[in-house]
Amino acid sequence: MIRTLDDLDASGTAVGVRVDINSPLTDDGQLADDARLRAHVDTLSELTERNARVAVLAHQGRPAGDEFMPLSAHARRLDELLDAPVEYIDATFCKAARDRIEALENGSVLVLENTRFYSEENMSFDPASAAETHLVDRLSMVLDVFVNDAFAAAHRSQPSIVGFAERLPSFGGRVMERELEALGEIRERPSPRVYVLGGAKVDDSIEIAETVLQSGIADTVLTTGVVGNAFLHASGVSLGAETASVVTSRARDRLDLAADLLERYPERIQTPVDVAVERDGERVEHSIESLPVEQPALDVGQETIDAYTEVFEAAGTVVLNGPAGVFEDERFAVGTTELYSGATDAGFSIVGGGDTAAALRQLGLSGFDHVSTGGGAALALLTGEQLPAVTALDSKT
Ligand SMILES: Nc1ncnc2c1ncn2[C@@H]1O[C@H](COP(=O)(O)OP(=O)(O)OP(=O)(O)O)[C@@H](O)[C@H]1O
Ligand SMILES: O=C(O)[C@H](O)COP(=O)(O)O
């Protein structure tokens, strides 16, 4: 069990808070979505209301990526979202940054610059080595305690995620606490547990299917999206050249594993029984028996939706990751809309995945028991992995 804000006497202390506000950006570097910022409001407000001096640490994008940007827009948005004053400095751990932290008034917030502007933050370290990095070493001089609220980056062993717990009294923030509570005890959630794997990360999803089936975390895996097409292809269904080419370009070396899983778990993996394609500008559905067709399969069809919805009705827990079709096009958002809505009928429904959460907002879907802020971190927990951030916090409790 990690220590939480309930265990922290925050008043007057300088608290370093690692958050994950890595967000989609517009072409001119503005925030396209602020969901991850809003998620951290509880933790940050609680600390400022309790008179702490708060230094926010966060990353945005990856080096050389399109979204590798300063955190100035994030700081402006946090200033709007929080009642406390929020400042920004384009430095992370140099003397100027440390002086600003020391000069902070109780109850105010300073957003430090993108941690990934510094090379060490883009590498993996064990906690003891992470504690020796320049970022952790220098910030530890001016911080009294550390709060890790960055659940969505908890699967990374980067200095700002795992290093501070070696140097400072460390606690999990409210996002970290809530996510671990909802996702950490997946084996305790009511069965049958059903995983719906869609989207386009085919190799990852095939591996997840193997882990959750083998470990018994999932009773049933339902496949949709390109993942569903990949399982169909692996089972020998001739989908047509276009769909097969999307599948093989996405699944580099895991199609054999998909075929193997279908043989090992014939009763526990379901593949689509029909698909939707575009013909003359219209959505047209085809049963699997009537394939191949020339056009690419862009969504699951109505019979698949009905069959999967029936599985949800008897499910104790449903975990969904990845859209069921090309939801960006209204004609092919049917599978995603209906399956995600149907899943809310299960005893407990969990949605994970950064793009998935964006799809839900775009399609106006809600009513889930838990929508995770994490993509990779959520899936890592839902396949039973131990997260480095949690190990670091745990070891110091
Ligand atoms: N049948 C299909 N053919 C082509 N593309 C598809 C199909 N079904 C879904 N997609 C695409 O998959 C993409 C999303 O897949 P992705 O695996 O990135 O989702 P995610 O798991 O929510 O993401 P993340 O793991 O990054 O949070 C969407 O852009 C959607 O258009
Ligand atoms: O968006 C995410 O999943 C997290 O912010 C982690 O980002 P990363 O995959 O670039 O480490």
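Pro292 is placed in the loop between strand S11 (282-287) and strand S12 (299-300), where helices (H or I, at least four residues) and strands (E, at least two) are DSSP runs numbered from the N terminus. This is a predicted model, in which local features need pLDDT of at least 70 and side-chain atom pairs count only at pLDDT 80 or more, while totals for chains, interfaces and linings use all residues. Residues are numbered from 1 along each chain as its sequence is written, chains are lettered from A and ligands numbered from 1 in the order in which they are written, and side-chain values use heavy atoms, with hydrogens and water left out.

Pro192 lies in the loop between H8 and strand S7 (193-197). Another backbone feature belongs to Asn51, which has a positive phi of about 70 degrees although it is not a glycine, and which is found in the loop between helix H2 (41-49) and strand S2 (53-57).

The domain assignment of the protein gives domain 1 (5-179) and domain 2 (184-382), with bounds that come from an automatic or database assignment. The C-alpha centres of the two domains lie 34 Å apart, and eleven residues of domain 1 are in contact (heavy atoms within 4.5 Å) with eleven residues of domain 2. The area buried between them, meaning the accessible area (1.4 Å probe) that two parts lose on being put together, summed over both, is about 830 Å², and carbon and sulfur atoms give 54% of this area. Phe151, His155 and Glu179 supply 55% of the area that domain 1 buries against domain 2, more than any other three residues.

One salt bridge is counted between the domains, the term being used for a side-chain nitrogen of Lys or Arg within 4 Å of a carboxyl oxygen of Asp or Glu. The side chains of Asp33 and Arg361 meet in a salt bridge at 2.8 Å, N to O.

Around ligand 2 stand Asp20, Asn22, Arg36, His59, Arg62, Arg116, Ala152 and Arg156, each with a heavy atom within 4 Å of the ligand. A polar side-chain atom of Asp20 lies 2.6 Å from an oxygen atom of ligand 2, whereas for an N or O atom in the side chain of Arg116 the distance to an oxygen atom of ligand 2 is 2.8 Å, and for one in the side chain of His59 it is 3.0 Å.

Note on methods: Polar contact = N/O pair within 3.5 Å; in protein donor to acceptor, adjacent residues only side chain to side chain.
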